[in-house]
Amino acid sequence: MQYYVKDFGAKADGVTNDAAAIQAAIDACSAAGGGRVVLENGRTYYSSSIILKPGVDLHLERGSVLKAHSDLETYFHPNGGAKDDGVERVGTPVTLKPSYAFIYAKDADHIAISGAGAIDGNAYAFVGRVSQYYVTGDFYPRPTLIYVEHCNHISFTGVIMRNAPFWTLHPAGCDDVLISQIRILNDLDVANSDGIDPDHSSNVRILGCHITCADDCICLKSSAGNMEYGPCRNIVIANCTLTSTSAAIKIGTEGTGDFENVVVDNCVISDSNRGLSIQIRDGGNVKNVSFSNIIIGTRRFADCWWGCAEPITITTHNRDDNTLSGHISGIRFRNIICDSENGVLLSGRDGNHIEDVLFDNVEVTVRAKSKWERGMYDLRPGIRQTIERIPSAGFYMRRADDVTLRNCRVRFAGDQLEDFGEAVRCEDCANVKLEQFDGKAARPELEDVVL
């Protein structure tokens, strides 16, 4: 059955707060056993927070816009109103659930958001400009666009999500999540406007999506604020196109719980500050992750964004003196093409080496692209971690064991080669194998391989 919000009093004039009418339609739909709540095309629904209920499909017809209200005092508080925006700052993990949510659900199985309309987060109502390179809401909290907690068998299909002031789509503690053919269109200067953040969630499929955003496009998390839920596991990401001022696809850095059984396939990453990133700073472990058939294009952005154009990075470093980082093992990269301003980075820590990593048919071309400095690797966040000045190698590995480079190729291109180094550089590594490797250093005076 369909429930039209206009029949519940929605004005849809882009000015009147339609939250009460939309919520009344959702409540009636759920009480009747479920159905579809419809926002009709050609109209803008200006609204404060709404709460999805079990069995409800919130459907936005093509041309409809659900726009977030600019007054935070009218928003729902998932953490009971604690004044924290939930953002991870350098050296500081997230410990709370989001302070505010535009669309929220908890314990609401079989919910959906569908259609070809747009959900607009009204980002610039909640942020202030810090520099020409980014805006942020550090001075006051910002609402998550969609936060769903402990909801199972849920779907997000077709819709446009845009102008998020903070994370865009955050399923936490959820099982059986389908995210298909959505578009996330956030400005590339709005800090923390992550695209999709599965958090302590399982059996998640992210398929055929296009995402542009500041910070990470897709980021798997096991945050401290949701530790009552299980690990982040059984994740499939496929057929996506991604652009980010941080990492296009990332695991961590919020990793208090484990990550396991992740498959990423058939994606294109372009104009990003990082491509594929596994960053562990807390106690969670990462195992059984496969990346395949991916084209990666990276370029450096300003240093206010984490990353130095690494196409692939795997790091495990302690967040602070009281937090030992987790272990990373069983990682596979197959059929990857990288065109980047930096090379691949693996960096473990003393007593906790990265283990069992395979690069099979991975091609890395390193060349100057942007106006920014090169010859650096970004180890932030973490205790005593910073941007390190080291000439960029095709593959730079330290404190990593049982790494195999099979049928891999490294090329340094262009005339600006002074910031680039060896084809392969290894420090404190054991059992590194090169099988049919093809690559030379950026300059003749450098050794091709340092082991």
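In which strand is the place of Asn-266? Select this residue in the predicted model, and you will find that Asn-266 sits in strand S25. Its backbone deserves a look, as Asn-266 has a positive phi of about 60° although it is not a glycine. With a relative accessibility of 41%, Asn-266 counts as partly exposed.

Stay on this strand and select Val-268, which also has its place in strand S25, a run that covers residues 259–272. Val-268 has 38% relative accessibility and therefore counts as partly exposed.

Is Glu-260 buried or exposed? Glu-260 counts as buried because its relative accessibility is 16%, whereas Arg-233, at 35%, counts as partly exposed.

Move on to Arg-411 and Asp-438, and show their side chains, which meet in a salt bridge of 2.8 Å, N to O. Arg-411 lies in strand S36 (residues 409–412) and Asp-438 in strand S39 (residues 438–439), so this pair ties together parts that are 27 residues apart in sequence. Arg-411 is partly exposed at 29% relative accessibility, and Asp-438 is partly exposed with a relative accessible area of 37%.

A further salt bridge can be displayed by selecting Glu-422 and Arg-425, whose side chains meet at 3.4 Å, N to O. Glu-422, at 7% relative accessibility, counts as buried, while Arg-425, at 23%, counts as partly exposed. If you then select Asp-197, Lys-221 and Glu-254, you will see residues that are linked in a network of salt bridges. A search of the whole structure finds 25 salt bridges.

Turn next to the peptide bonds. Select Gly-252 and Thr-253, which are joined by a cis peptide bond with an omega of about -5°; Thr-253 lies in strand S24 (residues 247–255). Another cis peptide bond, with an omega of about -10°, joins Arg-380 and Pro-381, and Pro-381 is found in the loop between strand S32 (376–378) and strand S33 (387–389).

For another backbone angle, select His-110, which is not a glycine and yet has a positive phi of about 60°. His-110 is found in the loop between strand S8 (101–106) and strand S9 (112–115), and with a relative accessible area of 53% His-110 is exposed.

The last stop is inside the protein, where the structure holds two cavities of 30 Å³ or more. How much space lies in the second largest cavity? The answer is about 30 Å³. To bring its surroundings into view, select residues of the lining, among them Arg-300, Cys-308, Glu-341, Asn-342, Met-376 and Ser-392. By class, the lining of this second largest cavity has three nonpolar, three polar and four charged residues.

Methods
Residues are numbered from 1 along each chain as its sequence is written. This is a predicted model: local features need pLDDT of at least 70, side-chain atom pairs count only at pLDDT 80 or more; totals for chains, interfaces and linings use all residues. Side-chain values use heavy atoms; hydrogens and water are left out. On a 1 Å grid over the protein atoms alone, a cavity is a set of points where a 1.4 Å probe fits but cannot get out, and a pocket is an open set with protein on both sides within 12 Å along at least five of seven lines; lining residues have an atom within 4 Å of a point. Grid points are joined across faces, edges and corners, and a volume is the space filled by probe spheres set on the points. Ala, Val, Leu, Ile, Met, Phe, Trp, Tyr, Cys and Pro count as nonpolar, Asp, Glu, Lys and Arg as charged, and the others, Gly among them, as polar. Helices (H or I, at least four residues) and strands (E, at least two) are DSSP runs, numbered from the N terminus. Buried means under 20% relative accessible area, exposed over 50%, partly exposed in between (1.4 Å probe, protein chains only). A salt bridge is a side-chain nitrogen of Lys or Arg within 4 Å of a carboxyl oxygen of Asp or Glu.
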